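Here are some notes for a colleague who has not looked at this structure before. Please read them with the sequence and the model open.

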Amino acid sequence: MVRAGQFLMELVRADDKTQKFLEHIGPLPDREHYIEVEPDVEYFIRIKADTPSIVLAYLSVDGEELGYHSLLKKKSQGSDDDSQFKGIWTRSGGITTMTALRFHRTMIRRPDDANTDAPPQMWTGKVTARFFEAIRHGISTQEDFRSTWSAHGKVGATIGINTMAEKKGVMSSKGESNLRTEEGSGRFVQYRKGRELCTISAKYCCTPGLIANGILPRYVRDANDTHTNAGSGRRRQRRKTGESSHVAIDLT
């Protein structure tokens, strides 16, 4: 997870929201936060604010805002975890649906490909959470809503063309897993943005992207790095040295 003071953001698996993805810290001076992911896996963005007052949170994925805000507030002691799990949000007929995001394989563009709009094959995506003071702004009624987010990919990086990039290049798209809540209809308190309190960002890519970005060391295999298990006939590879520990990062 990435924590900055009272605020937290992390990516978790859609099929088990207790399971987060492996995390790495980049080198000095920036020490950017990287998340190691795999193609064809769905995820939600977990956010949390340990503040006594209400906070507005806005999320963007690959440079595109998800199109809505979330109200966050620390719950009373002894209550359930007050984290919220976010994705692509819609509301229709009093039912809200939060659809997971998905790491999907990028399209491959060959040097002779005339389609110049094709996404890059090796992609370093980015998820950002911005937190603001919530200022009460009257009363409003529930209305149907559909997120305007689409997988345009406004941020990212092209890093060569090779067979590994073809297999491991990912960016975000809409998934299929859903969280549904019945809100009903009626009136609710409306809030607007006040002072910005915090911004948290994390980049994501597959293992080859981490190597290309200098987060993991390039691995050169020698004769002693693999061996055959006589019992199973399987080849096993030693764990790469120099991998970062997967712990919480405090940005304060």
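1. Terms and basis. A residue is called buried when its relative accessible area is under 20%, exposed when it is over 50%, and partly exposed in between, using a 1.4 Å probe and protein chains only. The model is a predicted one, in which local features need a pLDDT of at least 70 and side-chain atom pairs count only at pLDDT 80 or more, while totals for chains, interfaces and linings use all residues. Residues are numbered from 1 along each chain as its sequence is written, and side-chain values use heavy atoms, with hydrogens and water left out.

2. Confidence. The pLDDT, which is the predictor's confidence in each residue on a scale from 0 to 100, averages 78 over the chain. A score of at least 70 is reached by 70% of the residues. Residues 157–161 have a pLDDT below 50, and this stretch makes 16 contacts in the model beyond near neighbours in sequence; a contact means heavy atoms within 4.5 Å. Residues 227–252 are also below 50, with 49 such contacts.

3. The two cores. A nonpolar core is a set of buried Ala, Val, Leu, Ile, Met, Phe, Trp, Tyr and Cys residues joined through side-chain atoms within 4.5 Å. The largest one here has 41 residues, and Tyr43, Ile45, Phe103, Phe131 and Tyr204 touch the most other members. Strand 6 (residues 41–49) contributes the most to this core, with six residues. Strands are DSSP runs of E with at least two residues, helices are runs of H or I with at least four, and both are numbered from the N terminus. A separate core has six residues, including Tyr34, Cys205, Ile211 and Ile215. In soluble globular proteins, nonpolar side chains tend to be buried together.

4. Tyr43. What does Tyr43 contact, leaving aside its neighbours within four places in sequence? Its partners include Leu11, Val12, Arg13 and Ala14, and also Phe21 and Val61. Ala100, Leu101, Arg102 and Phe103 are on the list as well, as are Val127 and Ser172.

5. Salt bridges around Arg102. A salt bridge is a side-chain nitrogen of Lys or Arg within 4 Å of a carboxyl oxygen of Asp or Glu, and the model has twelve of them by this rule. Arg102 pairs with Asp40 at 3.6 Å, N to O. This pair links distant parts of the chain, with Arg102 in strand 11 (residues 95–105) and Asp40 in the loop between strand 5 (33–36) and strand 6, 62 residues apart. Arg102 also forms a salt bridge with Glu42, where the closest N and O atoms are 3.4 Å apart. Glu42 lies in strand 6 and Arg102 in strand 11, so this pair ties together parts that are 60 residues apart in sequence. Arg102 is partly exposed at 24% and Asp40 is partly exposed at 39%, whereas Glu42 is buried at 12%.

6. Other salt bridges. Lys20 and Glu23 meet through their side chains at 3.5 Å, N to O. Is Glu23 buried or exposed? Glu23 is buried, with a relative accessible area of 2%, while Lys20 is partly exposed at 32%.

7. Arg91. This residue is in strand 10 (residues 88–92) and is buried, with 12% relative accessibility. The side chain of Arg91 reaches the backbone oxygen of Glu143 at 2.4 Å. Not counting residues up to four places away in sequence, Arg91 touches Thr96, Gln142, Glu143, Asp144, Phe145 and Glu183.

8. Tyr58. Strand 7 (residues 55–61) holds Tyr58, which is buried at 19% relative accessibility. Tyr58 and Lys193 are 135 residues apart in sequence and 9.9 Å apart in space, C-alpha to C-alpha. Leaving aside neighbours within four places, the contacts of Tyr58 include Lys193, Tyr68, His69 and Phe132.

9. Cysteines. With a disulfide taken as a pair of cysteine sulfur atoms within 2.5 Å, the count is zero.

How values were computed
A polar contact is a pair of N or O atoms within 3.5 Å; within protein, one must be able to donate a hydrogen and the other to accept it, and residues adjacent in sequence count only if both atoms are side-chain atoms.
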